[in-house]
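User: I would like to go through this model and ask what stands behind each label. Please set the values against the cut-offs.

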Amino acid sequence: MPLEDHVYMKLCAELASCLSISLASARRQVELVAVREGVKDLNQRKLIAQRLLNEARTSKNSSKEASASAQLDQLLEAL
């Protein structure tokens, strides 16, 4: 049963972009979490997609910060 809600698809597209994966893979990730949690409602799936997107963004930002701080450390050591 394909879910074609515009907001749901947009969240999945943003998740796909953030994770550098295909839209189908992002939707599959959301669907897998929904199945694990026993969710069948579209609104709940939207919340799951939003949660996964937030987690991906947080993870991406923390890895950028870690690499930026490592670069700064290397530059300071060079001085």
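User: What share of the contacts between residues at least 6 apart in sequence joins residues at least 24 apart?

Analyst: In this predicted model, 42% of those contacts in the protein chain join residues at least 24 apart. A contact here requires heavy atoms within 4.5 Å. The elements run α-α-α from the N terminus, with 3 helices and 0 strands.

User: Why is the pair Arg-57 and Glu-14 called a salt bridge?

Analyst: The rule asks for a side-chain nitrogen of Lys or Arg within 4 Å of a carboxyl oxygen of Asp or Glu. For Arg-57 and Glu-14 the N to O distance is 2.8 Å, so the pair meets the rule. Arg-57 belongs to helix H3 and Glu-14 to helix H1, 43 residues apart.

User: What makes Arg-45 buried or exposed?

Analyst: Arg-45 has a relative accessible area of 9%. Buried means under 20%, so Arg-45 is buried. The side chain of Arg-45 meets that of Glu-31 in a salt bridge at 2.1 Å, N to O. Glu-31, with 25%, is partly exposed.

User: How do you know that Glu-37 and Arg-51 tie together parts that are apart in sequence?

Analyst: Glu-37 lies in helix H2 and Arg-51 in helix H3, so their pair joins parts 14 residues apart in sequence. Their salt bridge has an N to O distance of 2.7 Å. Through shared partners, salt bridges join Glu-37, Arg-51 and Glu-55 into one network. By the rule, the count comes to 5 salt bridges.

User: Which elements give two or more residues to the largest nonpolar core?

Analyst: The core has 17 residues; among those that touch the most other members are Leu-15 and Leu-53. Helices H1, H2 and H3 each give two or more residues, and H1 gives the most, with 7. Beyond its neighbours within four places in sequence, Leu-53 is in contact with Leu-11, Glu-14, Leu-15 and Cys-18.

Technical notes:
Residues numbered from 1 in each chain as written. Predicted model: local features only at pLDDT ≥ 70, side-chain atom pairs only at ≥ 80, totals over all residues. Heavy atoms only, no water. Core = buried A, V, L, I, M, F, W, Y, C linked by side-chain atoms within 4.5 Å. Buried < 20%, exposed > 50% of the residue type's maximum accessible area, 1.4 Å probe, protein only. Helix = DSSP H or I, 4+ residues; strand = E, 2+ residues; numbered from the N terminus.
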